[in-house]
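Colleague: I am new to this structure. Please pick one part, take a close look at it, and then tie it to the rest.

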Amino acid sequence: MKNSFLGKRIRGGGYAMKGAWLLLMHEPSIQVQFVISILVCIAGLYFDISKTEWIAQFFAIGLVMTAEGLNTAVEAIADFVHPDFHAKIGHIKDVAAGSVFIAAVTAVIIAAFIYFPYIF
Ligand SMILES: Nc1ncnc2c1ncn2[C@@H]1O[C@H](COP(=O)(O)OP(=O)(O)OP(=O)(O)O)[C@@H](O)[C@H]1O
């Protein structure tokens with residue numbers, strides 16, 4: 001079982017869950033996004049948003065937290081392979097951070113589409 005196809009998939013899932021837990025426990029940016037996600041979910045309950053709006057909202061939350069998690073991994077790799085200052089490392093980190101920015105702007109646009117009609 002341990003080295004079977006299923007055993008490896010289950011073990012991989014365990015490592016992935018451990019990674020998500022590590023992000024939540026140790027990454028300030030993920031923690032901030034997690035708190036914002038909870039607040040937005042409270043807003044969703046308060047305004048009683050539709051099923052489609054919940055789907056869009058969870059997609060936006062997942063998108064931002066996924067991008068942030070991958071950005072964290074890229075930063076960790078960059079710091080590991082080249083701890084000193086280097087223009088290339090700066091470029092790599094900037095590009096990775098750029099993906100988080102794109103995800104965050106997308107999430108804000110989705111939130112505006114959902115909540116503007118309820119608020120205004
Ligand atoms: N080794 C480096 N060489 C060149 N530029 C770097 C280097 N490390 C960081 N930078 C520059 O500083 C910016 C911030 O990098 P940093 O690793 O501090 O990320 P951060 O967004 O502050 O992440 P965190 O707060 O999670 O540590 C990078 O986007 C890059 O422009």
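Modeller: Start at Glu75. Setting aside neighbours within four places in sequence, Glu75 is in contact with Lys93 and Ala96. Contact here is a matter of C-beta atoms, placed from the backbone, that lie within 7 Å of each other. The model is predicted, so a local feature needs pLDDT of at least 70 and a side-chain atom pair needs 80 or more, while totals for chains, interfaces and linings use all residues. Residues are numbered from 1 along each chain, as its sequence is written.

Glu75 sits in helix 3. Helices are DSSP runs of H or I with at least four residues, strands are runs of E with at least two, and both are numbered from the N terminus. Glu75 is partly exposed, because 16 other C-beta atoms lie within 10 Å. The scale is simple: 20 or more such atoms within 10 Å make a residue buried, 12 or fewer make it exposed, and anything in between is partly exposed, with C-beta atoms placed from the backbone.

Now the record. UniProt, in an unreviewed entry, places a "binding site" feature at Glu27 and Glu75. The two are spread over 49 residues of sequence, yet they cluster in space, with a largest C-alpha distance of 11.8 Å. UniProt positions follow the numbering used here, feature names are shortened, and annotations may be inferred rather than shown by experiment. Glu27 lies in the loop between helix 1 (5-26) and helix 2. Glu27 is also partly exposed, because it has 18 other C-beta atoms within 10 Å.

Asp94 belongs to helix 4. Asp94 counts as exposed, because it has 10 C-beta neighbours inside 10 Å.

Next, the ligand. What surrounds the ligand? Its shell holds Ser29, Glu75, Phe85, His86, Ile89, Gly90, Lys93, Asp94 and Ala97. To be near it, a residue must have its C-beta atom, placed from the backbone, within 6 Å. Helix 4 gives the largest share of this shell, five residues. Sorted by class, the shell has three nonpolar, three polar and three charged residues. Ala, Val, Leu, Ile, Met, Phe, Trp, Tyr, Cys and Pro count as nonpolar, Asp, Glu, Lys and Arg as charged, and the others, Gly among them, as polar.

Met65 lies in helix 3. Met65 counts as buried, because 23 C-beta neighbours fall inside 10 Å. Residues up to four places away in sequence aside, Met65 touches Ile30 and Gln33.

Met65 is part of the largest nonpolar core. The nine residues of that core are Ile30, Ala60, Ile61, Val64, Met65, Ala67, Val100, Ala103 and Ala107. Helix 3 provides the largest share, five residues. A nonpolar core is a set of buried Ala, Val, Leu, Ile, Met, Phe, Trp, Tyr and Cys residues joined through C-beta atoms within 7 Å. Take Ala107: beyond neighbours within four places in sequence, Ala107 is in contact with Ala60, Leu63 and Val64.

An unreviewed UniProt entry places "transmembrane region" at residues 21-48, 54-74 and 95-118. Residues 54-74 are 100% helix and 0% strand, with end C-alpha atoms 30 Å apart. Residues 95-118 are likewise 100% helix and 0% strand, and their end C-alpha atoms lie 35 Å apart.

Finally, helix 2. Helix 2 (residues 28-47) has 20 residues, so at 1.5 Å a residue it should span 28 Å; its end C-alpha atoms are 29 Å apart, which agrees. The expected span is 1.5 Å times one less than the number of residues. Asp48 follows helix 2. Asp48 is found in the loop between helix 2 and helix 3. Its phi is positive, about 50°, although Asp48 is not a glycine. Most residues other than glycine have a negative phi. Asp48 counts as exposed, because it has 8 C-beta neighbours inside 10 Å.

Definitions and conventions: Contact = placed C-beta atoms within 7 Å.
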